[in-house]
Number of protein chains: 2
Amino acid sequence: MNIEILAIGDELLIGQTINTNASWLGQELSKIGARVTRSIVVADDKHRILEALDHCYPETNCVIITGGLGPTKDDITKHTLCEFFETKLEIHQPTLTKIEAYFASRNRPMLESNIQQAALPVDCEILPNKYGTAAGMMFEKNGRYCVSLPGVPYEMKGIVTEELIPRLMQRFQLKAMYHYTALTQGIGESFLAEQISDWEDRIRERGFGLAYLPSPGLVKLRITSYEGKEDQTEIMEFFRELSNRLPEAVFGYEHDSLPEVIGKLLNNKRKTIGTVESCTSGLLAQQITSVSGASDYFMGSLLTYSNDLKHRICGVSVDSLLSEGAVSEKVALEMAENGAKKLGVDVCISTTGIAGPNGGTVDKPVGLVWVGLCISGKTIARKFQFGDNRERNLQMTVLSALNWLRYELVKE
Amino acid sequence: MNIEILAIGDELLIGQTINTNASWLGQELSKIGARVTRSIVVADDKHRILEALDHCYPETNCVIITGGLGPTKDDITKHTLCEFFETKLEIHQPTLTKIEAYFASRNRPMLESNIQQAALPVDCEILPNKYGTAAGMMFEKNGRYCVSLPGVPYEMKGIVTEELIPRLMQRFQLKAMYHYTALTQGIGESFLAEQISDWEDRIRERGFGLAYLPSPGLVKLRITSYEGKEDQTEIMEFFRELSNRLPEAVFGYEHDSLPEVIGKLLNNKRKTIGTVESCTSGLLAQQITSVSGASDYFMGSLLTYSNDLKHRICGVSVDSLLSEGAVSEKVALEMAENGAKKLGVDVCISTTGIAGPNGGTVDKPVGLVWVGLCISGKTIARKFQFGDNRERNLQMTVLSALNWLRYELVKE
């Protein structure tokens, strides 16, 4: 089943707005096995829209139009569609009632332009919009469909999910695919693929799809069943095996985040946490507290950017700083251990590294980071060598530190 | 002058990648007065590309194609263009030399597919690519142009800025508009517009354009001359007036950032800085250190998330915490003043607030933030009331604190 997307809007052509609607539609339609074969953007102009429809409609099973349905512009799209499908507008009573209720509930006066939003083409199916006043429209002619949707993303998404996808699935006998995603940290994409190649083979032999979705520091692994949710149990079994094989790497599923996962572990174990940060300069603390309710376990941090403060407020020995340098195993260990005491916390993570772009030497190049961890009475440190991008190095440090902490908490 | 954009790539249609190239091109082409009339995405498929070219090329002055030039896929686009323009591929020696140098400098072996990237159509102008191995191509036929560019954004942007825009301006006699942008913080868009309405009127009377570009916490003001850079001095005069009228709000121009502006001020005045943060939990320190070289002035921070740590490591009095609460003027003042001493810095900023979504009361609702500032021997505090979005509140706190600090440094 083929689909063409037609987005209407000058703001898309001049780059004021990015056409995220098209990519969201592409993702959602792929999930039900429909194929977007072309995506077009044209201006808010009747002739441009008609020309695009003339060109697309005969070549596809369904054209999905987004945009041009607001109260100020609705004449263009609706009238253009009436012309194209040789029909006319009439007040659609259920839609008018909804618009009236919408304005009444907000205590706002209704203008003539709002009433006109209930004027809809006679020969089309109305796709109700729960999130705004512009209804969706679905035309049919010779077994081909043309759908017109508002451009406001959350209104468009609501109508597509609740009204359009079920209709397309039924009329084109499509099956919803089922996806589930595991989140891994700390193993690069190609190395990961090598380690789990037998697992991957079995997934593909079973007829499931497997996608590696890498982003800086993370690799997501998505298994897809083309038969739908009935394969859920079997897919979970594959993920259970993965997690048993790579417990250091797999930190969660679907929309989990490391700060959330760690927050739950700390809450369950009734442990408090703090950080002593040099290179990350607060990024680690800020990530830990990005979860609402973090004050239950996060107490505070010492950001010791200067060597003087490493010594003065965290008690790192001048000797270690002079003999080993600030970016060293010894200093990372002292930062974590002393920090736990000064902050009075059960768990303390420390970071010290060369984020770049400047400050690297032959022995200690840009991207070198030591992370210290004081937990359950022991203090350990790990060395990481990242790249030459400052921002990326800091992100990688935080992800690596949090995932390491997670694994130590799980193992306890 | 009309332009059509044709993006090639399955990844765009299935929504794995968002077509940001098209919106960037729309913005840049608008700046030279060219008009994007349509933007199309098609699959990596010869027939689809040819069909799109047949349809677009006769209707426009220039088609800009992005994507499909990588070493794995280049056959499709290049061969398709050769077919369309009835020409053939030949090794382009300057491009081959560049590709050879590229691989030699990285000490990587060159594959046959890399050599094939130097095979380019005979009848086209080559647009050199300084950032990668796929050259841009510019075809001409009957006064119409067709440009093919790689899809990798920074390669595409480099070729467009350095090679394509100058050629289009010359061949279509376009004039580059001249833009200059002032950055303001702390005054909302509509309130700002009211305060400077006479200034705005004079700008418009002079024939310049004025755009308000709001983003969370900031409003950018962009003046545009349609005549080009010759109006620069006059535009600067308008901005000088704005800055004199609103010195608290105008913090910089063009690509300035508050952390950079503050870094320069601190360096010039040879002052050091530290922070004592509660609600922002490191975000302020992290922003200050987002500038390379921040270690010249930033020493460190105390993140006192818990009341216990506010007292224990920052010396906030138990009395103030109990009588006024952690989110209060008194605690913000003590945090900043004691922090300056503990950290041994010239300037110390403190934050304490209710970021939300939970923790608000009738007296102290979500979004209430106190910022303290200890500078040149005096300590002052300011109250802010933001909204109910946690992330937004933290961002607004950081921007407001940094801009306040900037103004205090400038006034000194």
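Modeller: In this predicted model, chain A is divided into domain 1 (2-171), domain 2 (178-253) and domain 3 (258-411). The centres of domain 1 and domain 3 of chain A, taken over C-alpha atoms, are separated by 51 Å.

In the contact between them, 44 residues of chain A meet 44 residues of chain B. Two or more residues on the side of chain A that touches chain B come from each of α2 (20-31), β2 (35-42), α12 (283-288), β14 (298-304) and α15 (329-343) of chain A. By class, that side of chain A has 20 nonpolar, 21 polar and three charged residues. Of the interface residues of chain A, 100% are also interface residues in chain B, so the copies meet through the same surface.

Strand pairing is part of this contact: β2(A) and β2(B), the latter covering residues 35-42 of chain B, pair in the antiparallel sense over five bridges. Within the pair, A:V41 stands opposite B:S39 in β2(B).

Helix α2 of chain B covers residues 20-31. At 1.5 Å a residue, its 12 residues should span 16 Å, and the end C-alpha atoms are 17 Å apart, which agrees. Its buried residues are B:N21, B:A22, B:S23, B:L25, B:G26 and B:L29. In an α-helix there are 3.6 residues a turn, so residues three or four places apart point the same way. The cover over the buried residues of α2(B) includes a piece of the other chain, α1 (10-13) of chain A, together with β1 (2-8), β2, β3 (62-66) and α7 (153-171) of chain B. After α2(B) comes B:G33, whose phi is positive, near 80 degrees.

One of the covering elements, helix α7 of chain B, holds B:G158. B:G158 has 20 C-beta neighbours inside 10 Å and therefore counts as buried. Leaving aside neighbours within four places in sequence, B:G158 is in contact with B:N129, B:K130 and B:Y131. B:S225, by contrast, is 67 residues from B:G158 in sequence and 24 Å from B:G158 in space, C-alpha to C-alpha.

Methods. Residues are numbered from 1 along each chain as its sequence is written. Chains are lettered from A and ligands numbered from 1 in the order in which they are written. This is a predicted model: local features need pLDDT of at least 70, side-chain atom pairs count only at pLDDT 80 or more; totals for chains, interfaces and linings use all residues. Two residues are in contact if their C-beta atoms, placed from the backbone, lie within 7 Å. Helices (H or I, at least four residues) and strands (E, at least two) are DSSP runs, numbered from the N terminus. Ala, Val, Leu, Ile, Met, Phe, Trp, Tyr, Cys and Pro count as nonpolar, Asp, Glu, Lys and Arg as charged, and the others, Gly among them, as polar. Two strands pair if DSSP finds at least two bridges between them. The expected span of a helix is 1.5 Å times one less than its number of residues. A residue is buried if 20 or more other C-beta atoms lie within 10 Å of its own, exposed if 12 or fewer, and partly exposed in between; C-beta atoms are placed from the backbone. Domain bounds come from an automatic or database domain assignment.
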